[in-house]
Amino acid sequence: MTTARPDRLRSPTVPRPDEIRAPSLPAAPGRRPRDAGTGFGTLGLIALMTLAAMALPLVVTDSYLLHSCIVVLFFAYMATAWNFVCGYVGQLSIGHAMFAGIGGYATVLLFTGLGLSPWLGMPVGGLLAALLSVVVGYPTFRLRGPYFALTTIAFAEMIRIWVENTDTVLGIPLNGAAGLTVPLRGESLAALQFNGKAPYYWVIVGLLAGALTATWWLEHSKLGFYLKAIRGDRDAAESLGISPARYQLVALAISAFMTGIGGGFYAQFFRYVNAERLIGVDLSIDMALMSIIGGQGTVFGPLLGAVLLAPLAEITRGHLGGSLLGLHIVVYGIILMLAVLYLPKGLIAPLRSLLARLGLLGRGGRR
Amino acid sequence: MTTSFSRRVALRGALALSAAAFATTAQVQAQSQTEISVGWVLPLSGGSAAIGQQARTGVQIAVDQINAAGGIKALNGAKLKLVFADSQSKPDIGVSETERLIQRENVAVMSGAFNSAVTFPATEVAERYKTPWIVMGAVKDEITERNFKYVFRINNKATYDAREQLDAIDLLKKETGQGPKTLAMFYEGSDWGRSHAANVRKLAKERGYTLVLDEAAPPNQVDFSAQLLKIRAAKPDALIAAFYTPDHLLLSRQMLEQQLNLPYGVHSVGGGTEDPSFYKAISPKAVAYYFVQEDRQVDALQGERLPEFADVEAKFKAQLGYDMSAYGAQGFAVMYVIKDALERARSAERQVLRDAVAATDITAGPALYAGYQRIKFDEQGQNTFAHGAISQNLNGQRRTVWPAESRSPDTKPAWPVPAFGARS
Amino acid sequence: MDPLILSFALVNGLLIGGIYGGVALGLSLIFGVMRVVNFAHGSLLMLALYAAFWLQALAGIDPYASVVVTVPLLFAVGFLIQSVVIAPLIRRESALVVEPLSALLLTAGVYLVIDNLALMAFGPDVRSASTSLALAPLMLGPIPVNMQRLIAFSAAILAAVLLSLWLRSTRLGRAIRATAQNRDAAVLSGIDVPMIYAVTFGIGAALLGLFGSLLATFIPITPQVGLSFGIRSFIVVVLGGIGSIPGSIVGGLVIGVFEALASQFVPATSAAILSLGLFILILLVRPSGLMGRA
């Protein structure tokens, strides 16, 4: 049998067409292939969508609908955070839930132990997640493809099993498999606890807007440019003095920071965290799948994926009431396979070309 | 500007699509006056799906019986309507489904959710919406220790389970003058197994037993050889085990293969050993002389058998292919507790119904199918008359040995248990 | 620690380790030839276990005899998965940079579909099969060694030896190895690569058919059973060297013995953490594995 050999040998010099652009312009990293106008248009769109979304609770008072919107937007946020590194680096992490877990646990423990408001606890949890991501990412990013994916699962599973079987560590009550509860404080802005759904909704819309803006910034920053160059041809990028490890780690840390804050939001919204769910592989898979099916490496792809897939799961559950065990996961799997085979750039790609054909794109739709 | 415009349109379309999808869900719930909706959150897919299915079957049979017998008489024969939701054993999905059932399906009362990790946060949602919730299966102590007004539990707390196991050992010790001095614990490493182990650990110390092995295993093992060696090396007098069905099956099979003898037997706290599909899959030799902490008395003696009981047992077996399980029985019993409360409340209004449930005091009838003599809740919503039974597997049948008053005269506990080599 | 107990831990570790190695053979073969990480590996084993169970439950066929059905059946399943699901990806990517991640995602989709279809079709209940052969345990001193495990262990070693010989000495085997070494050169020399790929995937799955029948005699069968074996198989294959047939067995033995001995000193949960740690360490320090050429 052969040993692992660089896949590049098979077809030496042909990068994917969409990646030809980036590495072929290495001499001018400051100038980006797209004009600035497009970028600010995207930013305007994010602002517009955020404003429109913020207004929703003024119209919709139905608490379940709002609850469902929060869940969908939570997944959209988590998928966007995942996409921030994986979508642009082209690596598949199936361990991102470990960052959500550390953020969620930190938020709860800082609140119960030190009385620290979740408004501060969430970013602190995010920072801890970023710290963990550097420890995990530093050795791991040297690995590629499936090696990287398997290592991320292994790290996350190690942490999950450890948390599930640890009741206290250094005096900190992790409470093992039983999980942690956020004590009720009633309506309290400081404790990030509300009786209604609308405040939670506004928080997650704000978080999502932040994550989308960060992704937009990435696309137009040197960091994003380098990441794409690394993705297109790692060795060429390296020979131009771009240090893959450094830029990938920066992106991973930002992604983990956002994911950690998402874990904190989960803890506040559901008022309960346990390792099986928040550090579990299911959550990691959801984040990756929504991003990939929607369109990884784009600003809005993960949002699209979540907006389509999260309600799909909800509706199949609601309508079938569990009469066909596991049917919605089968549907999920089939959509995933079809997307990988026929829409490798995600659902966002055909949607754009369809709209272009309908003439809805206006000028320059061919770009 | 161009690409972003396309994205905006795309997104708007997607949002509209999903909004439309939600709207259809909303229209489904045409609430009729002659129907009272009861919401159930159960694990219907994922690792605990078998239990969810058993509970659902018991619940459905009870509702069919109640509706066939004329529904809720105090409400002009209103029929009960069941709305099931799948939690997938995940807390957040359980919470979301609880929201849906309460908000959308407009249920009068909720029940479920077997997994403590789901029940704990989901009951908090019910409390917030002032919707009564009757807990099924979940044993986490804190569920009925939060001063909630709308949460009730018919079955045992986790601490009761541990106490009963040691009570049974103490009883047999008292009766025969001999018994174990050292115990080993071997349990699954998730919430249930670990919290049970913590309770046993505390009680065993109080009662003067020495724990010679205290070992957790992650779920879904494929080999227990290493752990069985450890038990063999620790030489305990008895083993306390807490495993779900697949792991318990592996454990029991391997103990038989390895002829691992424990003088005072294996004391299983249920889980796998209460699951009828477990007994379908295992050789009777592997579970001979097992002590099982049962959530309901399997060889129930009390009173005459009600016709409802024969009916539910026959239908259950016809649907699932094996005999009634503890979770099927608990689901069945919950529905009759709800019926009782509805009859007294004369209303399906949640607040009124909550007060009726709180005032429950049942001493006869199908609501006692799970094996209790009485159902009455304390101010925390816990049924203080809840208890299990300890059975021993004698000649292929689980016969109650504890409490002594429930032991039938022809049940002679095997104590100490015969070694593998000495069994016929 | 009692040396007697430790030596039995060693025996147990070798037995279960050999079985892990045997189960992982197919995963290693498929990766070695096609660079596809088959996420659905455990799911295929689950299907084979159910096949053995149903053959006994419905037709009364002993699990050991059911090998004649499960092996061809799983070959067909593997052949189909490759030619229907994965081949279009390889066709599409032949002109581009191959992205092994897409293949991983595809097989992850297969895993989701198979596991949940099994849940729908077979229900969530645990099942078990048993052989009617009277297999008295082999007594090693006071402690019995289970014969069913010993049989599965021997089959794993035998399967690895036969597979290696077959790959070396037959025309088809040599074509598989040639394709593994250089797909483009194989095409030029007239090898039908899509067919080779489908056959390889079929063989990888057929090996699971074999172990499905052998393991059904002592493993509880549920729709989730594949996951436990799937994750272990990844560890085993990485440890032994991805694509190496002897490496798969060696990796299995190392993991089996490591876990069995570690379990004597720490709880099983910590042993699980340690073996994941070992897996990460090997990936980082020596990604080619113990038996792979660096």
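Predicted model: local features only at pLDDT ≥ 70, side-chain atom pairs only at ≥ 80, totals over all residues.

Residues are numbered from 1 along each chain as its sequence is written, with chains lettered from A and ligands numbered from 1 in the order in which they are written.

Select residues 145-164 of chain A. That's helix α6, 20 residues reaching 29 Å from first C-alpha to last, close to the 28 Å expected at 1.5 Å a residue (that is, 1.5 Å times one less than the number of residues). Helices (H or I, at least four residues) and strands (E, at least two) are DSSP runs, numbered from the N terminus. Since 19 of the 20 residues of α6(A) are buried, it is largely enclosed by the rest of the structure. Buried means 20 or more other C-beta atoms within 10 Å of the residue's own, with C-beta atoms placed from the backbone.

Now show chains B and C together. Their contact takes 32 residues from chain C and 31 residues from chain B, counting C-beta atoms, placed from the backbone, within 7 Å. On the chain C side, α1(C) gives the most, with five residues.

Last, pick 266-271 of chain B: strand β9, with six of its six residues buried. Four bridges join β8(B) (238-243) to β9(B), running parallel; strands pair at two bridges or more in DSSP. Look for Phe243(B), whose bridge partner is Gly271(B).

How values were computed: Buried ≥ 20, exposed ≤ 12 C-beta atoms within 10 Å, placed from the backbone. Contact = placed C-beta atoms within 7 Å.
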